[in-house]
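Here is a friendly walk through a structure, from the meeting of its chains down to single residues. Please keep the model open in your viewer as you read.

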Amino acid sequence: MALSDQMSVPAQALARTRALDRLRLGDNVFRHLTRTAAIGVLLLLSGVIISLIDGSIPAFRTFGFGFLTSERWNPVTDNFGALPAIYGTIVTSFIAMLIAVPIGLMIAFFLTELCPPWLRRPIGIAIELLAGIPSIIYGIWGLFIFAPFLQATLEPFLINTLGNVPGIAPLFAGPPYGIGMLTSGLILAIMVLPFVTSITRDVFEAVPGVLKEAAYGLGCTTWEVVRNVTLPYARVGVIGGVMLGLGRALGETMAVTFVIGNAHRISASILAPGTTISATIANEFTEAVGDLYTSSLIALGLLLFVITFIVLAIARYMLMRIERRIG
Amino acid sequence: MPEKISISRYSGRRRKNVVATVLALVATAIGMGWLVLILGALLWKGFSGLSVAVFTEMTPPPGSAGGLLNPIFGSLVLTILAVAIGTPIGILAGTYMAEYGRYDRLSTVVRFINDILLSAPSIVVGLFIYEVMVAPMGHFSGWAGGVALAVLVIPVVVRTTEDMLTLVPNALREAATSIGLPRSLSITRICYRAARAGMVTGVLLAVARISGETAPLLFTSLNNQFWSTDLNAPISSLPVVIFQFALSPYKDWQSLAWTGALIITLAVLALSITARALVPSGKQS
């Protein structure tokens with residue numbers, strides 16, 4: 001301790017105070033830095049909302065509420081309406097959920113009740129890899145492989161069978177284009193499947209074993225246990241997972257842009273080309289000339305953000321509820 | 001005869017169970033099958049175009065041979081930029097939520113908002129950066145593309161950092177405090193070290209997420225036919241080139257798009273498998 005030998009007692013105390021002060025300062029700086037970063041996340045979200053509102057003011061000022069209900073989309077005459085895009089977004093997401101939810105639930109049923117334990121992890125990982133594949137890959141695959149396949153097989157089949165059933169015939173009218181709302185819906189179904197599956201599996205696994213064993217003890221079959229015990233117990237979580245998948249489907253851009261066909265019209269037939277909010281923005285934003293055109297596209301973005309925000313907020317709320325119950 | 005009735009009812013229930021089991025098997029096969037189909041198509045279409053030229057030559061004009069060197073370079077630059085901007089912010093925010101304000105109001109709100117940002121449509125992020133960076137600057141730029149991707153990195157890193165720090169046992173923090181370490185040092189020297197594998201995983205997952213992102217780049221970094229290292233100018237990136245080439249009518253552009261798609265997918269799969277291997281089994285987000 002050569003240092004302390006040379007210093008007098010007051011100098012030593014001073015050095016110690018100084019060191020402590022430095023540590024306290026560092027502590028405070030670090031604490032405030034982390035707090036600022038956390039607040040930054042909030043600012044990020046408000047920044048997104050404010051910038052979108054700011055950008056869409058010209059469109060809403062010109063078209064008013066009619067922007068949401070108008071079917072026109074004409075860059076030449078500067079006349080824009082969001083209805084076809086909203087319609088396409090909802091229809092494709094609906095098709096996607098219609099297919100992905102039952103399949104996802106059944107896979108979760110398989111993984112939690114039927115699957116031998118050594119196979120569980122590989123299958124779970126494979127499903128999650130599906131979630132990791134970038135959406136542009138689904139797009140290119142959909143355009144070059146899936147759409148021609150559908151055009152040659154499923155779509156003619158649907159036209160010849162369901163297309164003749166009175167009542168639902170208009171849904172399957174028209175020529176098989178290959179690209180269109182059905183194809184987009186199917187691709188979206190593949191994309192949201194992993195989200196639905198992995199969350200459903202997690203909540204299924206969290207169901208207390210005692211409940212299931214009690215049901216088995218009464219003589220229930222595996223299916224009856226899932227149907228009458230697991231599913232009701234995990235309902236909130238399953239809905240949360242489904243909403244999360246829906247949020248993804250609504251906002252998905254690239255995969256849909258490839259196969260939707262980009263037609264600004266509302267067709268009764270799900271085989272017809274259409275457009276979605278995100279596909280419209282992706283396709284037209286860089287080519288948009290004129291403030292009103294750009295502003296209309298940003299207004300579409302705002303609309304999309306509001307819709308997905310609501311859906312995702314409900315999803316998170318549901319998942320928080322089930323987490324609290326499971327503990 | 002009551003026994004007969006109950007036996008027939010039981011066999012009905014059994015039959016239902018068998019049907020459900022078969023359906024579950026079919027559903028799982030469909031899920032697996034899709035993964036195999038997509039990867040198979042990618043390998044089939046992408047490998048035929050894979051050659052040294054892909055990594056050494058620039059994107060060609062239609063009708064001539066070329067490679068993907070400039071988009072690969074651009075993607076790397078944008079990813080590094082995004083991680084460099086997004087990771088520190090994400091780790092700091094996650095640290096606040098796990099260490100300083102684990103139960104306070106701010107953390108609850110940030111957690112909720114962060115989870116929404118995590119699955120928010122990425123095209124909206126592109127519009128946001130266009131509004132705040134591209135429009136004021138007057139031109140598309142690599143900086144804007146990097147920032148747009150950073151916005152996508154932040155929520156992933158926040159989430160994993162918070163999760164991983166929450167897993168660090170309190171005894172470690174108490175031990176650090178008991179030897180007189182200030183809070184900031186106990187976090188950076190002890191907790192970060194204990195949670196390091198998980199936090200690295202978070203960054204890897206974030207990189208996997210952004211390396212295929214196209215939508216936010218379309219109107220921020222745009223695209224560039226030529227070699228460019230200028231972040232103040234439009235810069236090429238793999239996803240945008242794939243988008244442009246795949247939708248073109250030229251056969252050799254389409255084939256390059258497939259090759260690019262294969263490269264991205266292999267990179268993403270490698271990243272997510274590494275990330276999974278890093279996390280001690282069980283807990284993963």
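The paragraphs below go from the interface to the salt bridges, then to the cores and a few loop residues.

This is a predicted model, in which local features need pLDDT of at least 70 and side-chain atom pairs count only at pLDDT 80 or more, while totals for chains, interfaces and linings use all residues. Residues are numbered from 1 along each chain as its sequence is written, chains are lettered from A and ligands numbered from 1 in the order in which they are written, and side-chain values use heavy atoms, with hydrogens and water left out.

The size of an interface is often given as the accessible area lost when the parts come together. Here chain A and chain B bury about 7200 Å² between them, 80% of it on carbon and sulfur atoms; buried area is the accessible area (1.4 Å probe) that two parts lose on being put together, summed over both. A:Phe30, A:Val41 and A:Arg316 supply 8% of the area that chain A buries against chain B, more than any other three residues. Counted by contact (heavy atoms within 4.5 Å), 79 residues of chain A meet 82 residues of chain B.

The polar side of this interface can be listed too. Seven residue pairs, both at pLDDT 80 or more, are in polar contact across the interface of chain A and chain B. A polar contact is a pair of N or O atoms within 3.5 Å; within protein, one must be able to donate a hydrogen and the other to accept it, and residues adjacent in sequence count only if both atoms are side-chain atoms. On the side of chain A that touches chain B, helix α2 (residues 9-63) of chain A gives the largest share, 21 residues; helices (H or I, at least four residues) and strands (E, at least two) are DSSP runs, numbered from the N terminus. The residues of that side divide into 53 nonpolar, 17 polar and nine charged, where Ala, Val, Leu, Ile, Met, Phe, Trp, Tyr, Cys and Pro count as nonpolar, Asp, Glu, Lys and Arg as charged, and the others, Gly among them, as polar.

Now for the salt bridges. The term stands for a side-chain nitrogen of Lys or Arg within 4 Å of a carboxyl oxygen of Asp or Glu. Over all chains there are 12 salt bridges, and three are found across the interface of chain A and chain B. One pairs A:Arg316 with B:Asp115, with the closest N and O atoms 3.9 Å apart. In another salt bridge, B:Arg276 and A:Glu128 bring their closest N and O atoms to 2.7 Å. This pair crosses between chains, from helix α12 (residues 251-278) of chain B to helix α5 (residues 117-132) of chain A. Both B:Arg276 and A:Glu128 are buried; buried means under 20% relative accessible area, exposed over 50%, and partly exposed in between (1.4 Å probe, protein chains only).

What links A:Glu128, A:Arg201, A:Asp202 and B:Arg276? These four residues are joined in a network of salt bridges. Within it, A:Asp202 and A:Arg201 form a salt bridge with closest N and O atoms 3.5 Å apart. A:Asp202 is partly exposed at 41% relative accessible area, whereas A:Arg201 is buried at 15%.

Next come the nonpolar cores, sets of buried Ala, Val, Leu, Ile, Met, Phe, Trp, Tyr and Cys residues joined through side-chain atoms within 4.5 Å. The largest has 171 residues, of which A:Tyr138 and A:Leu300 touch the most other members. Helix α13 (residues 291-326) of chain A gives the most to this core, with 16 residues. Leaving aside neighbours within four places in sequence, A:Leu300 is in contact with residues including A:Phe67, A:Trp73 and A:Ile277. A second, separate core of 14 residues includes A:Met106, A:Cys115, A:Leu193 and B:Ala27.

Finally, look at the loops. A:Thr275 sits in the loop between α11 and α12 of chain A and is buried, at 2% relative accessibility. Its side chain makes a polar contact of 3.0 Å with that of A:Thr280. Among the contacts of A:Thr275 beyond four places in sequence is A:Asn262, which is partly exposed at 34% relative accessibility. A:Asn262 has a phi near 50 degrees, a positive value in a residue other than glycine.
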